[in-house]
Amino acid sequence: MGFDHRKYVAFQPVQKTDRRWPDQVIQHAPTWCAVDLRDGNQALVKPMTVAQKQRLFDLLVKLGFKEIEIGFPAASQPDFDFCRKLIEEDRVPDDVRIQVLTQARPELIARTYEALEGARNAIVHVYNSTSTVQREKVFRMDREGIKEIAVNGARIVKSYAEKQPGTNWTFQYSPESFTGTELDFAAEVIDAVNEVWRPDQGQPVIINLPATVEMATPNVFADQIEWICDKVKYREHFQISVHTHNDRGCAVAAAELAVMAGADRVEGTLMGNGERTGNMDLVTMAMNLYSQGIDPTLDLSGMAEITDVVEACTEIPTHPRHPYAGELVFTAFSGSHQDAIRKCLSTYKEGDKWEIAYLPIDPRDLGRRYEEVVRINSQSGKGGVAYVLERDYNIAMPRWLQIEFSKVVQQAAETEGGEVDSDTIHRLFEEKYLAVRPDWRLRTYDLHRTDEGVTATVEFGEQRLSGEGLGAVEAVAAAVEQRFDVSLAVEAYEEFALGEGTNANAMACIRIQVNGEPHSSAALAEDTTSATLQALLSAVAHHVEASQTSTSGTATA
Ligand code: KIV
Ligand code: ZN
């Protein structure tokens, strides 16, 4: 048995009885730091070229990121070159801080400062791994040894910064694999680093707590963050940042709960690209805030551009169900969802609060169109089909015709086995209801009203018929009954003027019984009476032609 859960050990959460974070509500956006060009890039099958990095950097700036980790220059020559290019070509706006990663090793820190020479604002991000498993199995070091690496790194970072006073330096320390580190030890290392940097004396400091591997549910991570925030020295003088990975699929949730637990800053990547299952997705977290009426401080309104650039730079396609960005995320195929969306949208006015069933945000805010919302397949119902015909062709069907026609569309969808597009729906409608046989095309009509009712004369095809009735429809029905020896009963009809955008001015839909058999039809015409009479004639034509075909079929057989 290879698949044996007993191989795994449950994560031991911190015992916390004073947790406050569950009662917190996020009120404003955290400070964002985009790590696409470092963590995201390190995870790519084909790391980005300098041109791709530049393109992504420019996008991040355009979206409003003020802190951008641009690489690991001491470990990679392309990262070093990119860092130099940004600085030498003056491509970093004044209000943006570039961040670079380095291990806490003297020679790497030295090279990092070389890469950053001449930068206006920079964050030097130094890290070493502190987790139990890494201490014991990778480094074979005790706690003191690991703490010493961090403290030594902090000292060297500080001393190099002092030699380059022209730059506004921020120091960042990450106890890498924080989620696998005993909390008391993590706090001890953080305090030791801060004793070197002294954020209380004005040095800007960020302590970044990474879920390098996501090991437990997001509430456990929030407990860890709150525990650290309560425990560490100088807390009010430095920023706590979180950097979550998505191993359990909860990186966004973990970052959100961490902010509730006291984190000030969140690192992540656009669309969540990053090691293994990825980094925290900045797009999703920012849009989650936006959907709660909170300014995310990022402008994500050009979502198509964002996905285009990210795809071009990472060579990873966007999943069609990716929150907020995927092709299908604002689409409803289900009939009841379509109905609800259609009803909510029909009363929505610009400036209203957004309260639309099944749509957490207005797709137009991300450059999407309402046209994409309702799409038709075999799961869709009458509401969706009616919506598409009305939206794209100005054809408004009465409810009884919606019910009937949606079955026609459903059958087509089942036969094709996929989506039925708007053109096909319209073609089906034309074929089934609007098509006029030449022999039954109305040429003229004349209505003569008397006290008793209406005398109608119609000419269609080769025919010229007259009949009498209480109204025009009844009079023409009487004429047709007599001429074709059938009995007609009008079950329902509806006529309405059409809005702009069509050649015809009126449309009529009719459902009649001919010798007890139901037939529905519709017609477009210049006026409502012509449309109604044509619809009536077309419905009778269905019956007459069907019975002629079956008679000739019997004779031939
Ligand atoms: O995931 C991680 O721990 C990292 C650190 C270097 C911050 O990327
Ligand atoms: Zn990471």
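Select the zinc ion (ligand 2) and its donor residues, which follow the spacing D-x203-H-x1-H in sequence. The model is predicted. Three residues coordinate the zinc ion (ligand 2): Asp39 through OD, His243 through NE2 and His245 through NE2, at 2.0 to 2.1 Å.

Next, colour the chain by secondary structure and keep Asp39 and His245 in view. Asp39 sits in helix H1 (residues 36-42). His245 lies in the loop between strand S7 (239-244) and helix H9 (251-260). The two residues are 206 apart in the chain, and the pair links distant parts of it.

Are Asp39 and His245 buried or exposed? Asp39 has 4% relative accessibility, so this residue counts as buried. His245 has 3% relative accessibility and therefore also counts as buried; the cut-off for buried is under 20%.

Keep the surface on and select Val138, Phe139 and Met141. These residues make a nonpolar surface patch of about 260 Å². Val138 has a relative accessible area of 52% and is exposed, because exposed means over 50%.

Finally, zoom out to the whole protein chain and colour by domain. Domain 1 covers 31-314, domain 2 covers 335-434 and domain 3 covers 438-556.

Methods:
Residues numbered from 1 in each chain as written. Chains lettered and ligands numbered in written order. Predicted model: local features only at pLDDT ≥ 70, side-chain atom pairs only at ≥ 80, totals over all residues. Heavy atoms only, no water. Donors = N, O, S within 2.8 Å, 3.2 Å for Na, K, Ca; no water. Helix = DSSP H or I, 4+ residues; strand = E, 2+ residues; numbered from the N terminus. Buried < 20%, exposed > 50% of the residue type's maximum accessible area, 1.4 Å probe, protein only. Domains from an automatic or database assignment. Patch = residues over 30% accessible without salt bridge, like charges linked within 9 Å, V, L, I, M, F, W, Y side chains within 5 Å. Areas by Shrake-Rupley, 256 points an atom, 1.4 Å probe, with all protein chains shown as cover. Salt bridge = Lys/Arg side-chain N within 4 Å of Asp/Glu carboxyl O.
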